[in-house]
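Please look over the sequence and the structure shown below. The paragraphs after them go through one chain as a whole, then an annotated span, then a single residue.

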Amino acid sequence: MMASSSSKKISVKCSDGMVLEVDETLVNASPTMKCLVEEKCGESNIVITLPNISSKILSKIIEFLKVDLESDATFNDVGVQSVDVDSKAPESLTSFNNLKLEFIKFDANTLLYLVTATHYLKIEKIYHLGCVEAVRRIRENAAK
Amino acid sequence: MSFKSIVRELKEMRDGIGSISRRGVDSRRWNGRTKSHVAPDITLTSLEPIEQGKWANLPPELLLDIISRVEESETTWPARAVVVYCGSVCKSWRAVTKEIVTTPEQCGRLTFPISLKQPGPRDSPIQCFIRRNRETSTYILYIGLVPSENENDKLLLAAKKIRRATGTDFIISLVANDFSRSSNTCVGKLRSNFLGTKFTIYDNQAPNGAGIQTDTCNHVVSTIAYELNVLRARGPRRMHCTMNSIPVSAIQEGGNAPTPTSFPQIIDEPFSPSPTLKGKTEPLVLKNKAPRWHEQLQCWCLNFKGRVTVASVKNFQLVAAVDPSHNVSAAEQEKVILQFGKIGKDIFTMDYRYPLSAFQAFTICLSSFDTKPACE
């Protein structure tokens, strides 16, 4: 479900000093961030800090979260998409496959940061995709 | 970054870790026979460590998760080489990989070279085959039911037969092209007497893993004795293997067999052989299961459960030789601990299980190749 433009935005300060304005719905997708927000529930202008995640990585994660929330597909534990036949199946499948392909394109460092960040933020689905890609590359290297 | 420089960087990172270099050598050896994959049609970037140590310094729980996924994804060879690869990337990866990988006894899978000296699983055997090369007098042990069509089989151990004036020696090595006793690929030897009726298996390390790498294999693992079956003329010979390194308690209730966890270190110091089992511990003795005489077929029969298809005097099944005082359950007594037999010209199957290790099983089978006409 697309977050409405009138939904609350949370300021997230990254390791490089940049502050990103993120929809509350997306912030709540991460139990870690949600917790940080709840700790500051009394404040009027909430700013949470992620000292170990850069704005570049966080933007990527936000982008993925948006794709994830917009698609009607559900991911089971293995990360395989099971799609409801009546829903907009082809588009959802495309967006999931696109996500996977995105990971394949990342250089080693970006992949590393994504995996570490999503692990810290406890965003299961994206963390899983990152791990799957890391495993695939390890197998590639071993074969060489 | 070119492909070659990526591979070189990875190798440099691996070789740069001092104490790990030997493990790196081992894994390179084990990776030798794997085939490369067909490259997919999208451009890929490999796991290049642009800054050394980045991937090595992943939080432990993350590393554990990723390497666990790798380990679970490849359980059979040759693809399982990827697990050995993970163990050779760097120190932290090695620690996590060793933590994740369990012994053959626990998971039924062979992973690192040391797995070859650890007891097999208790419930079902690990199935291997041996290929004999008469021209070079070598014998190679592979994992797998039978030779694969594309000959992409994983080599476990290799042996070379050397005839001496007073008998025969088999040198056992981790590789097929190096049988030098001073090399770190040598894991033991088998020595026979002149008549080919008595054999002794030597290991280069004690059962608990202690010992140092020397060019003499000093620890007696087992003695094997072949005898003519005097009660039945022209009947099958009898085999007795006294496993000096395995106590009878290993097959009693709650018992365990010695499980080394690493190969001996290379140290340039004089070495004195240590005893294998403590004086009063009784060693496990294995004997060959007596075949039944099949009146209609007019031959001796053993049930090899389809794993042996050609009649040969070399074929055997070993079970524990115990008496009631040993307190071994009937189920354990029934278990075929080692089975060896011919399936084709120069191809033999070898199935082994707890408490034997691949090394012990292989050397016992080798003795079957060397017995002289005096025994037949």
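Predicted model: local features only at pLDDT ≥ 70, side-chain atom pairs only at ≥ 80, totals over all residues.

Buried residues account for 44% of the 144 residues in chain A.

Chain A has 6 helices and 5 strands. Following the sequence, these elements come in the order β-β-α-α-β-α-β-β-α-α-α. How do the contacts in chain A between residues at least 6 apart in sequence divide? Of these contacts, 58% join residues at least 24 apart. The surface can be described too: chain A exposes about 7,500 Å², and 56% of that area is supplied by carbon and sulfur atoms.

Chain B carries an annotation. In an unreviewed UniProt entry, residues 55-98 of chain B are annotated as "domain: F-box". In the model, this span is 70% helix and 0% strand.

B:Thr363 belongs to helix α8, which covers residues 358-370 of chain B. Is B:Thr363 buried or exposed? Its relative accessible area is 0%, so B:Thr363 counts as buried, the cut-off for buried being under 20%. Which residues does B:Thr363 touch, leaving aside neighbours within four places in sequence? B:Thr363 is in contact with B:Ile172, B:Leu190, B:Ile201 and B:Ile224.

Methods
Residues numbered from 1 in each chain as written. Chains lettered and ligands numbered in written order. Heavy atoms only, no water. UniProt positions renumbered as here; feature names shortened; annotations may be inferred. Helix = DSSP H or I, 4+ residues; strand = E, 2+ residues; numbered from the N terminus. Buried < 20%, exposed > 50% of the residue type's maximum accessible area, 1.4 Å probe, protein only. Contact = heavy atoms within 4.5 Å. Areas by Shrake-Rupley, 256 points an atom, 1.4 Å probe, with all protein chains shown as cover.
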